[in-house]
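Here are my notes on the model you sent over. Have it open while you read, since the points go strand by strand.

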Amino acid sequence: MSSSPRPPVAGPLPPATPAGPGGAPVRDPRSLDHLTARYHRYAELVGAELRAWLSFHLPRPGRSGSVAGAGRALDAGCGTGAHTTLLADRFTEVLAVDISGPMVDYARGRRPRGNVRYEVRDLRSVTPSMDGLFDAIVCAHTLHYVGDVARALWRLRSVVRPGGTVLLVDVVDERGSPSRAWLRRQAWTRFVEDIHRHRRPVRQAAELLRLSLDCDWLDHESTDRLLMPGDWHAVVRAVFPGATLATFDRAHALSWTAPRAEAGCPDSATRTGARTAGAGPAEGRQ
Ligand SMILES: C[S@@+](CC[C@H](N)C(=O)[O-])C[C@H]1O[C@@H](n2cnc3c(N)ncnc32)[C@H](O)[C@@H]1O
């Protein structure tokens, strides 16, 4: 088990939306508030591989729509709920948080589930004392929005139950912020490959190209501040030692099983009384 020191608890959070002259909200291109429907469709079109990876690492869902078993799961930065439903099929209780009101409204409207509580919250506000511990935590394509990634990751780690699973994925890119020209080229390259390799129906390939070239979308994507691969590896190694890493195109993914007992982690130790050192992930380690 790692002996890395635990960082201080996250302090006050910055406002989600800055105010312009007269207090009017300013449209922040980094926010997805005005892109909910487009994001939802984009994620549907490109998300199959990630959904398969998450499904592989999560427990099997229950038969005929029933929940598989007990347990609690957290979707940290749930967006329009693309992965919340995977968790809802597998756990009795799901907390899905996102800092964006419009994203959460969209998820509640499109993906309502009796066992899911959607909340407009910063993922860094989820704490063991307020929210308890979770058997599975999913955080997809969200970390690069959060200023201090290490602090956010330590916070997520603090709410995973001993023996629980953490599944993270985010786009990592040595360019930091990709240019609009590069994003356009990439959209066209993907379109051509989709058609040549019959990767998806022509109508869907064209729809994906149109979404990717949308001006608001390009504004958003070109203002992303992505982690560099070296920084990603350093931070995930520090917080989740022994994790299994995978890549999907530009996205880097991590799966990690929390040790059965964490030395110096009062939250998990006191809640479970567990004292035995636990196993790491079953697959190859980084
Ligand atoms: C690209 S979307 C990903 C949504 C979803 N996880 C998915 O994979 O489809 C990123 C989401 O992170 C949310 N977000 C950004 N910073 C956040 C924070 N500090 N706490 C919670 N959510 C955050 C955004 O509002 C947005 O909905």
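1. First, a term: a residue is buried if 20 or more other C-beta atoms lie within 10 Å of its own, exposed if 12 or fewer, and partly exposed in between, with C-beta atoms placed from the backbone. Helices (H or I, at least four residues) and strands (E, at least two) are DSSP runs, numbered from the N terminus. With that in hand, look at strand S4 (residues 134–140): 7 of its 7 residues are buried, so the rest of the structure largely encloses it.

2. Some housekeeping. This is a predicted model, where local features need pLDDT of at least 70 and side-chain atom pairs count only at pLDDT 80 or more, while totals for chains, interfaces and linings use all residues. Residues are numbered from 1 along each chain as its sequence is written.

3. The overall picture: the protein chain has 11 helices and 7 strands, and 34% of its 286 residues count as buried. Two residues are in contact if their C-beta atoms, placed from the backbone, lie within 7 Å. Take the contacts between residues at least 6 apart in sequence, and 69% of them join residues at least 24 apart.

4. Back to S4 and its partners. Two strands pair if DSSP finds at least two bridges between them. Strand S1 (residues 72–76) runs parallel to S4, joined by 3 bridges, and here Asp-75 sits opposite Val-138. S4 also pairs in the parallel sense with strand S5 (residues 160–171), over 6 bridges; Val-138 has Leu-167 as its bridge partner in S5.

5. Of its 12 residues, 10 are buried, so S5 is largely enclosed by the rest of the structure. S5 pairs with strand S7 (residues 251–257) as well, in the antiparallel sense over 7 bridges, with Leu-168 opposite Leu-254.

6. Now the core. A nonpolar core is a set of buried Ala, Val, Leu, Ile, Met, Phe, Trp, Tyr and Cys residues joined through C-beta atoms within 7 Å. The largest one has 57 residues, and Ile-137, Cys-139 and Leu-156 have the most contacts inside it. S4 is its biggest contributor, with 6 residues. Beyond neighbours within four places in sequence, Cys-139 touches Ala-76, Gly-77, Leu-123, Leu-156 and Leu-168 by the contact cut-off.

7. Finally, is His-57 buried, exposed or partly exposed? It has 19 C-beta neighbours inside 10 Å, so His-57 counts as partly exposed. This residue is in helix H2 (residues 48–57). Its contacts, leaving aside neighbours within four places in sequence, are Thr-165, Leu-167 and Ser-255. His-57 and Thr-165 are 108 residues apart along the chain, yet their C-alpha atoms are separated by 8.3 Å.
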